[in-house]
Amino acid sequence: MIVTPVWYMMLAAALFVIGAGGLLLRRNALIMFMSIELMLNAVNLTFVAAARQLGDINGQVSVFFVMVVAAAEVVVGLAIMVAVFRRRASASIDELAELRG
Amino acid sequence: MTEFIWIVIALPLLGAVVLHFLGSRLGEPRAGLVGFGMVGAAFVIAAIAAVPFFQGESHGEQVFLFDWIEGLGAAASLLWDPLSAVMTLVITGIGALIHLYSIGYMHGDPGFSRFFTYLNLFIASMLILVLGDNFGLLFVGWELVGLCSYLLISFWNEKPSAAAAGKKAFIVNRIGDVGFLIALMLIFTTFGTLAFDVVLSHEAWDVNGIELGVGLVTAITLLLLVGGTGKSAQLPLYMWLPDAMEGPTPVSALIHAATMVTAGVYMIARTAVLFELAPVSSAIVASVGAVTALFAASIALKQRDIKRVLAYSTISQLGYMFLAVGVGAYVAGIFHLFTHAFFKALLFLGSGAVIHAMADEQDIGRMGGLRKAMPVTHMTQVVGWLAIIGIFPFAGFWSKDEILAVTFGKGGGYYVLWAIGLLTALLTAVYMTRWIALTFWGEKRYADDLHPHEAPGTMVLPLIVLAGFSVGVGFWNTPFLPSMEHFLEPAFEGVEQAHLPEGLVPWVLAAVSVGVAVVGAFYAYRRYRGAGAVELAPIGKGSWSLVEEAYRVDDLAGRFIVSPGRAVSNFMAFVVDRDVIDGAVNGLATAVRTAGERLRPLQSGFVRQYGLGLVAGTVGLLVWFASRGLG
Amino acid sequence: MFPTLSVMIWLPVLGAAIVATIPRKRSEIALPVGLGFAALVLALAGNVVWTFVSGDADFQFVEQATIYAPWGITYHLGVDGISLLLVALTAFLMPIGILASASVTERHKEYMAAMLMLEAGLLGVFLSLDLVLFFVFFEVMLVPMYFIIGIWGGERRVYAALKFFLYTAIGSAFLLAGIIFLGAMASDQLGTPSFDYTVLLALDIPPSTQRWLFVGFAIAFAIKIPLFPFHTWLPDAHVEAPTVGSVMLAGVLLKLGTYGLIRFNLPLFPQASVDFAGVMVALAVIGIIYGALVAIVQPDIKRLVAYSSVSHLGFIVLGTFALSAQGLSGGVIQMVNHGLTTGALFLLVGMIYDRRHTRQISDYGGIARVMPIFAGLFLFTAFASAGLPGLNGFVGEFLVLLGSYARHPAATITAAFGVLLAAIYLLWAYERVFTGPNDKPENQGLKDLNAREIGIMVPLVAMIIFLGVYPKPALDRIGPSVGAVVERVENAAVLPTEWEAATR
């Protein structure tokens, strides 16, 4: 059985949908973060696969960018979560609307 | 010698600078002597430099000093020709006498040295005006004399009326200057330069291939006339001159009688080449002059202020000069300018001596009988009076009669202007006789605690000198010996001038105008030499209030120009600008803020709501792409 | 070669950094340190003016380096006749402004740092020959000005500062779009993107595109000038700004707009300049008359001077779009002259405000008697501003009016009435403030100017007289560059037929 790029794409799509679903359905902020990571990595997967298929190194470069940014984002996001936990002892996203306009 | 003519300007300018910085340290009377010395020295240099013209050896020269605005052909370059020489001699000569007089007149004034600073600055500015070799420099002098006039009229500026009069003079002059500026735009656009030697020379036009349409020349000359009416106080821009009498009397004599106000006449004479090509403009100049002469003379009939009578008289006499240059009698115009400068300065300085003696009283209704208290002043004023009403052989006779005779000689519609001129001569005789009779003759009508006295020597000496000239200068240009005409010939080369009619006509006309003057003088003498309470109206017992209030022109101007102007400004500032334009700007800002307020609820702060929005948007986009087909 | 221009721009930045590190306890030395840096810049500027070759239309003292090659952004500096005098004006007004800062009583350090950054920004704008660089400086200079108004200003300072900032920033957006479009166009036509002014001059821009770009640039500059009807930020900014803020604002900042029009709009978009000349001239003349009319009835003397700026700047725009050598020379020299006279007027208004803490004309009257030197200087400056021949204001106005008539007769005639209105608002204000009886008790004890204040005014007065009597050195330096602009426009654009007839 030959693993064609389509397989990778399908896998990435599945991962992305799982991530998106998690983001929308779960209330726990930590889980939502994990869902976002899942979506980002799904996209990374498509990049790598496409780069390999098209023989263009730029796709892989983009993946590094995404990974670095995602790491930074997680650091900031978790720091915020910790700060929120200290004050509320709850990670339920529905109770947080501090940034209401 | 000629190349050093700039020293004539530099001396009074230096005087102004020195007096400005060191004047108060010099004190009285040294500050005045410095001022007098500078102008006197300038006169001597000018006189020496003018010798070649008297000998008929020179036609005039240009003296280049330095570049000013090269792109406009406006260099700091002087033109020393007979016309500018006459003007320079009048300005420095009479200027020096008036400086001398002022040392006595301004005695004890806290602004003594400031006065001489301004006076010296004025002399320098006026010399720039008459010596400039291009319209640019002429305009520089033109504006600077306006500045000096402003400074000197509002010299005693704690008096609100003096401050207002100075401002009025400057602003009314500026109205004329707008006309002048527009004329300069046309001249520059037509000739490509402002230099006299290109603009005012037929040969230069041929060389440069300039073709002048009559319409264009008429427009240029009419606009120049607008400038001239401002500076020379002709209709309709004369209103500032009577108010200018708020200034110290020597200022009235120097600036508002002898020199600055004649700048318009000088300018028209200087640009004679252009006016010659525009007969319509010339006719308008003549008409403006004649009408102004009569108009101002009629107002002078009922004025009570010793200086206001002379102010209106000056406007009237300037009208004669405009009439002269309008009919093409440029020499006659300059000649009248020349004689008038002497006798009008004399009359003003005389009234200054009277005001001085009467402890600042200026109402001729409360004078009378000053002949005994001030015999020398009185004698000089009699000379001035005879000169201005045109009695043979005083200066005014020769110049005024030449103007009237030439006007008569033009014939046609000019008979009307001649008649107006003659009527003006009658009125002049009446109001000037009234003036001298109410002031010097009859019984005294002033309070007993006033003890008028003869003026000090520095004031009397100029009076005597000027009185002498008021007799003598008329002989410079008599019909028997027109020396001035020969003298000025080079300045009007190539300009066709109007001349006296042939034969006996001038003599008859002279007899007529002298007769008219004598009749007028005799009538006024009978009416006003009486003692006690004096009827001030010229005829009958009517109130003559319309004339006394100068036809209420100031009132009308206030009502129809100043007030609406201010209303427009207010409307612009507080309705258009503040409410409409700035309102629109602030309205836009408010609109943006309101939109923000309205959109604010969208930011609920619930992350999942945002997430739902994202998904909905993505799905929407996908549907849209799908509906268009993915290809 | 010594990089004079770079040093002029970066020296104030260094100065600002040094001032910022002064310990708070010693903050009083901020002023002398700042003054020292401004004086150094003035010395350099003087050297540039002196060694500038006056017969040359090209850029001089050029410095060139690459900032980011792929996008064609370069560090390109140079000075020609159009920018030379504005550079000199900036360097000249800055030390005077710093000396006049006695009224600043708090936050000396921050204040001086802002002033020096402002100077760097202004010099950068005039010296940049790369559009991106120009834009950066154009924006950078807003920041210190915002703080100068917003921190050291009057009662409504925050409103005024915000209005100033937002208004200008909106204009800048159009400018930026235009600049990027030009860069992209260079990429299409030359194969490589470029924002270098001298390179962009070689572009062949179709007339319709020129019009769009012209409008984009012109909106930014019209707000800066300010051209009617974009002027209402100016009176607010002036009234609320501290004296120095007003001096720099009127003296130099407003000229960025007119400078931009001459530097960019005319040479880059010649056809559009000709097409839009009528509109620009109409707005300019409306501004001249309207600004003057509004100035007449202002009760606040600083507002009056602010509106007089609207009127005077109109002359510059009129001269610019006369597209003649005289008109443009007049416009350029009028920029300098307006900077000197209006700067001087704002300084004088500041001096009286420091004494009486009111700007209302009706609170004064007859103060010439107690303050004769002040009255004399004010009158002198007012006449310079009203265009009295022999003083500087006249040279520019005269050149503009005479140079513009051939192509815009009706507009120029209307503009001539601005000269009359200027005399009315200035002399009427003088009359109400200085003459008549001094009958208000608060005004009777006013002290005349002290030595420091006179010292501030002396250089201004000297320049006002010098440029009025002998403008030749200035005009000689302006002439060739301006001539090149006119020639470029006339060669590159189709002129209306009535223009051809009017100029032989």
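This is a predicted model: local features need pLDDT of at least 70, side-chain atom pairs count only at pLDDT 80 or more; totals for chains, interfaces and linings use all residues.
Buried residues account for 61% of the 504 residues in chain C. Of the contacts in chain C between residues at least 6 apart in sequence, 81% join residues at least 24 apart.

Helix α14 of chain C (residues 325–356) packs against helix α16 of chain C (residues 392–404) at an angle of about 155°, and their axes are 7 Å apart. With angles over 145 degrees counted as roughly antiparallel, α14(C) and α16(C) are therefore roughly antiparallel to each other. Their crossing is left-handed. On the α14(C) side, the residues making the contact include C:Gly327, C:Gly330, C:Gly331, C:Ile333 and C:Leu340. Those contributed by α16(C) include C:Gly393, C:Val395, C:Gly396, C:Leu399 and C:Gly403. By class, the contact of α14(C) with α16(C) has 13 polar residues, six nonpolar and one charged.

Attention now turns to the neighbouring chains. Two pairs of chains are in contact, and of these chains B and C share the most contacts. Chain A and chain C, by comparison, are joined by no contact, and their closest C-alpha atoms lie 18 Å apart.

At the interface between chains B and C, 39 residues of chain B are in contact with 43 residues of chain C. Four elements of chain B, namely β1 (61–69), α5 (135–153), α6 (160–191) and α25 (553–599), each supply at least two residues of the side that touches chain C. The largest share of that side of chain B, 15 residues, comes from α6(B). In composition, the side of chain B that touches chain C divides into 24 nonpolar, six polar and nine charged residues.

Key:
Residues are numbered from 1 along each chain as its sequence is written. Chains are lettered from A and ligands numbered from 1 in the order in which they are written. A residue is buried if 20 or more other C-beta atoms lie within 10 Å of its own, exposed if 12 or fewer, and partly exposed in between; C-beta atoms are placed from the backbone. Two residues are in contact if their C-beta atoms, placed from the backbone, lie within 7 Å. Ala, Val, Leu, Ile, Met, Phe, Trp, Tyr, Cys and Pro count as nonpolar, Asp, Glu, Lys and Arg as charged, and the others, Gly among them, as polar. Axes are lines fitted to C-alpha atoms, for helices over the stretch in contact, and angles run from 0 to 180 degrees between N-to-C directions. Angles under 35 degrees count as roughly parallel, over 145 as roughly antiparallel, 65 to 115 as roughly perpendicular and the rest as oblique. A crossing is left-handed if the near helix is turned anticlockwise from the far one by less than a right angle, and right-handed if clockwise.
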